Amino acid sequence: MNANLDAYWMPFTANRQFKNNPRMLASAEGMYYVTPDGRRVLDATSGLWCCNAGHGRKEIAGAIARQAAEMDYAPSYQMGHPLAFELAERLAELTPGDLNHVFFTNSGSEAIDTAMKLALAYHHSRGEARGLFVGREKGYHGTGFGGMSVGGMPNNKKQFGKGVPAVHLPHTMRPDMRFSRGLPDQGAELADALDSIVAEHGAENIAAVVVEPVPGSAGVIIPPRNYLRRLRDNCDKHGLLLIFDEVITGFGRLGSTFAGYEFDVVPDIMTIAKGVTNGAVPMGAAIASGQIHDSIVSGPDQIELFHGYTYSGHPLAAAAAMATLDVYRDEAVFDNVRSLRDTFEDCAHELTNCRNVIDIRNYGFMAAVELAPDAEAPGRRGMEVLNKCFFDEDLMVRMSADIIAIAPPLVINEEQIRHVFKTLGNVINTVD
Ligand SMILES: Cc1ncc(COP(=O)(O)O)c(C=O)c1O
């Protein structure tokens with residue numbers, strides 16, 4: 001590789017560290033990335049939780065190429081193109097309850113900021129001025145000002161000022177839940193913290209409650225059994241909107257198409273991104289209920305919502321998404337999660353006695369192996385595991401400080417699942 005690495009300012013990356021020892025990927029097919037020097041690296045993270053159907057899908061690449069040749073771009077304001085409407089209709093059919101109105105964005109961050117603006121606009125349409133959001137500690141909702149604020153990761157906020165008004169529910173990780181297999185049996189009452197937030201701030205000031213059904217980025221935090229149902233009930237009790245951020249949990253990660261089905265809870269607005277195009281073209285969406293849509297889209301026949309993006313419903317993204325949904329359906333990709341998630345869970349928990357392991361969490365095809373941080377250098381162990389896996393074992397895992405996350409493409413087979421966890425366990429045992 002000849003490029004000087006200085007110019008590219010990498011996101012969420014220790015730039016100087018990376019550029020001293022770059023981890024480069026040059027091509028990808030199926031379950032594997034290929035490095036510039038030709039090593040095949042097993043992808044245990046679906047890229048960045050995106051490539052649910054595996055890499056290099058010809059059907060998706062073909063659909064993008066055909067669309068690029070037919071029509072590269074159509075304005076998203078005041079003009080339309082049929083594919084975006086077809087895709088919206090298809091997504092509306094897939095989503096739970098009456099989440100039937102799809103507002104396209106280009107990323108998960110834009111999706112969550114859009115969802116928050118829909119909540120604000122909904123209250124505005126009803127003559128209410130509710131401006132406070134309730135997020136959750138350790139939540140991740142991208143990096144726009146809305147998502148950053150409602151998110152609960154202090155490092156993501158401390159450089160950026162005050163943001164949007166938000167308060168936070170407690171996260172759902174407690175010492176007594178460590179090493180739970182799947183959903184922890186205890187802890188549903190953590191959802192009742194909403195009562196004290198309402199008592200302190202007033203339901204009439206709260207625009208929405210925003211959570212990931214299963215938080216991914218902070219290290220795969222599994223909701224206690226019945227927690228999400230209780231949160232929904234508490235929102236209803238106080239007349240609050242509930243937003244599910246399904247950017248990671250959407251499109252089969254847990255075994256169902258969406259977490260809303262998996263946990264039998266329908267939010268008022270949900271967000272998607274990542275897996276909607278299998279990661280091949282950026283796309284996201286906020287999907288709202290009929291009640292929210294109809295309340296905003298009312299009044300005089302003029303622009304109802306002063307919000308949107310040049311690339312909302314971009315033709316290439318729409319083509320990629322249609323082809324992706326075909327692959328998911330035709331190959332019953334999500335069934336593979338349901339068939340293998342018990343094996344996945346067993347394999348993850350085989351690492352219980354590995355060196356420095358203090359917790360293992362899992363659900364569907366998501367797992368985290370948490371290491372005790374080195375008191376002198378938090379994050380060192382996680383980084384060493386990542387590097388050893390990548391450079392020595394041809395395995396790509398994800399780390400968030402000392403938490404190793406595993407979230408493979410949903411087309412992974414049993415042998416590969418066993419290989420991922422066995423390799424990870426061996427590597428962890430070499431890190432002091
Ligand atoms: C739950 C959740 N919401 C939002 C986002 C932000 O998505 P993007 O990086 O596409 O803006 C992410 C990204 O990981 C996410 O996990």
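Modeller: Four strands make up an open sheet of mixed pairing, in the order S1-S2-S3-S13. At its edges lie strand S1 (27–29) and strand S13 (395–396), each of which pairs on one side only. The model is a predicted one, in which local features need pLDDT of at least 70, side-chain atom pairs count only at pLDDT 80 or more, and totals for chains, interfaces and linings use all residues. Residues are numbered from 1 along each chain as its sequence is written.

Colleague: What is the mean pLDDT of the protein, and where is confidence lowest and highest?

Modeller: The term pLDDT is the predictor's confidence in each residue, from 0 to 100, and where pLDDT is low, the predicted coordinates should not be read in detail. Here the mean for the protein is 97, and 100% of its residues reach 70 or more. Confidence is lowest in helix H1 (residues 15–20), at a mean of 95, and highest in S8, at 99.

Colleague: In which sense do S1 and strand S2 pair, and over how many bridges?

Modeller: Strands (E, at least two residues) and helices (H or I, at least four) are DSSP runs numbered from the N terminus, and two strands pair if DSSP finds at least two bridges between them. S1 and strand S2 (residues 32–34) pair in the antiparallel sense over three bridges, with Ser-27 opposite Val-34 in S2.

Colleague: Which strands pair with S8 and S9, and in which sense?

Modeller: Strand S7 (residues 206–211) pairs with S8 in the parallel sense over three bridges, and Val-209 has Leu-242 in S8 as its bridge partner. Strand S8 (residues 242–245) in turn pairs with S9 in the parallel sense over three bridges, where Asp-245 stands opposite Thr-271 in S9. S9 and strand S10 (residues 284–289), by contrast, pair in the antiparallel sense over four bridges, and Met-270 faces Ile-287 in S10.

Colleague: Are the residues on the two faces of S9 buried or exposed?

Modeller: In a regular strand the side chains alternate between the two faces of the sheet. A residue is called buried if 20 or more other C-beta atoms lie within 10 Å of its own, exposed if 12 or fewer, and partly exposed in between, with C-beta atoms placed from the backbone. In strand S9 (residues 269–272), Ile-269 and Thr-271 on one side and Met-270 and Ile-272 on the other are all buried. In S8, Leu-242 and Phe-244 point one way and Ile-243 and Asp-245 the other, and all are buried.

Colleague: Where is Gln-78, and why does Gln-78 count as exposed?

Modeller: Gln-78 sits in the loop between H3 and H4, and counts as exposed because it has 6 C-beta neighbours inside 10 Å. Its phi is near 70 degrees, a positive value in a residue other than glycine.
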